[in-house]
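User: Could you walk me through this one? I'd like to start with how the chains meet and then turn to the fold.

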Amino acid sequence: MPPLIQIQDVSKSYMRDSFEVPVLNNINLDIEEGEFMALMGPSGSGKTTLLNLIAGIDKPSSGKIKVSDTDISQLSETALAKWRANNIGFVFQFYNLIPVLTAYENVELPLLLTPLSKKERKKQAETALEIVGLADRMKHYPKQLSGGQEQRAAIARAIVTDPLVIIGDEPTGDLDKNSAEEILTLMERLNKEFKKTLLIVTHDPHAAERANITKHIDKGDLV
Amino acid sequence: MAIPFKYSFKNFKSRNLTTIITIVGVALVVFVFAAVLMMAYGVQKTLKETGSVDNVLIARKSANSEISSIVSGDVQGVIRTLPNIAKRSDGSAIISNEPVVIINLDRQEGGISNITVRGVSETIKDLRPQVKLTEGRWFNFGTRELIVGRSINERFKGAQIGDKVKFAGDFWEVVGTFEADGSGFESEFWGDGLQLLNAFNRGNSVSTVTLKLESAESFDSFLNAFNEDRRLQQFEAKVEQAYYEEQSTFLVQFITALGVFITVIFSVGATIGAMITMYTAVANRTVEIGTLRSLGFRRRNILIAFLFESLTLSILGGLVGVFLASFLQFFSISTINFNSFSELEFSFALTPDIVVSSLIFAAVMGVLGGFLPSVRAARLKIVDSLRAV
């Protein structure tokens, strides 16, 4: 069975004024289904760029990224948006919940892009909130939640569509030690109990320890 | 599916001040816009209601108003022979030969204005039954007495019962006041037509002849007979209501053109206000936009959500503006009608058409103001907008 994610000879560079700044150099990486991988590296090493490429919110300058046999580097912007809605769950460092929507409404948001009925959306969003332990906070607005609770709501939003891959960009970077521990335990549970494939970028060696596998990236190269 | 509308609505609440300022800006412009249209329609309505559908007004073809029209005595005699003219119980035709002149009078608040004085014939109560005496008595025919319309009575010096108005070298006593369903007649003095002709040395040439038809439907038959009579070639007969409505044309066009020109200039300010609000909204919500895009919402969804926000703000402003403007219906103002060169009082009048036009005007401001910021929001790169923490 081929790996769920295949990254083949991927390079990425940005233009700064008239200079081309290379960020990733010829990356090759396979991620198996059900894996919990941590990407580590110093600031500016290119780890978030690699995460963005895998998540389909940025495109490589060269190379191929195949996720479950779909070459996402070839998809049009519209097709890529649809692909993201169906296959990727995002967890951001600063949670990125929509402040004017309740926890429930935030979690329901990705389901609006699916053909589910309102009743089905409600059932699915409530299940996701129950999994992350926020069933009693679903009517709360983000500002009424603690940092850890906000991130749990963000995780509920990430899993509500049952995506192929959950992507986390420094998911514990803005949390205190206890809340970070809670989040990592929750991610571990998603991986072990629900067989989800997780890929996180982190600076924190303690967070990386919870992953099955850790990859290091430095100056655009996997080391 | 699109980004839910509640997302936009809840965002209004989260930035109360800018939302209110934008709504107020649009509301003020829409208020002025609606007021201008209400003013123009008020003039038109007042003059239209001056005439009746079963009355026919005959004036000289070349005259663009009653004061510039002359109908000589022999022509008045020819008109009297035409068919379909209604008759009183005593068999006399309901016709009023009317000299119309303009005099000057002082306003209560200072300044002079032109006032129409209309001479009427004895059949006048049958010709214009909508005219009701409110105080005093009717003038006596054969005397130099006048009755005064409500509007002039309230706003001009020397136009009260017992006052004597001086014109044509004589004093004319005001003996009564009248109302006429808020029409243009309320901005006039009425007296005996023959006395007026005599005072102004006009012989027997009146300005216009107005007659009542047997029924409104007999106008075509009357008009055929009128047009076939070669002695009446220099004259034209119009339904009284249509004639007075035409008298409003120039003033209505002037008010509309000037008003719309001014409000369009104001609207640039309101549009820029909406634009600034929406640019600020986009700048404040850059990360949200990046998040929504990364969740799978398309550029088009973002564009529609922000345009909807701008449109909703402007429509709310429009509704507030129209609501405020609706209170103008309780006010009356007066101006000189350019056609008759005389004072005309009218009320602001709101119609469903004006409400729709005002809301469309508000919506256009919203779309124009919101378009560029919405395009900017939709064009943000996901990676860049997520970095804007």
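User: Which residue forms a salt bridge with Arg299(B), and how far apart are the closest N and O atoms?
Analyst: Keeping in mind that this is a predicted model, the partner of Arg299(B) is Glu77(A), and the closest N and O atoms of that salt bridge lie 2.3 Å apart. The count between chain A and chain B is four salt bridges.

User: And which helices of chain A supply residues to the side that touches chain B?
Analyst: Both α2 (77–87) and α3 (103–108) of chain A supply at least two residues each to that side, and the largest share, six residues, comes from α2(A). Sorted by class, the side of chain A that touches chain B has 16 nonpolar, four polar and eight charged residues.

User: What area is buried between chain A and chain B?
Analyst: About 2300 Å² is buried between the two chains, with carbon and sulfur atoms giving 66% of it. Of the area that chain A buries against chain B, 23% is supplied by Val100(A), Leu112(A) and Leu113(A), which is more than any other three residues supply. In terms of contacts, 28 residues of chain A meet 23 residues of chain B.

User: Switching to the fold, what is the strand order in the open sheet of chain A?
Analyst: The four strands run in the order β2-β1-β4-β5, with antiparallel pairing, and the edge strands, each pairing on one side only, are β2 (19–31) and β5 (70–71) of chain A.

User: How many bridges join β1 and β4 of chain A?
Analyst: Strand β1 (residues 5–16) and strand β4 (residues 62–67) of chain A pair over five bridges in the antiparallel sense, and Ser11(A) has Ser62(A) as its bridge partner in β4(A).

How values were computed. Residues numbered from 1 in each chain as written. Chains lettered and ligands numbered in written order. Predicted model: local features only at pLDDT ≥ 70, side-chain atom pairs only at ≥ 80, totals over all residues. Heavy atoms only, no water. Pairing = 2+ DSSP bridges. Contact = heavy atoms within 4.5 Å. Buried area = accessible area lost by both parts, 1.4 Å probe. Salt bridge = Lys/Arg side-chain N within 4 Å of Asp/Glu carboxyl O. Nonpolar A, V, L, I, M, F, W, Y, C, P; charged D, E, K, R; others polar.
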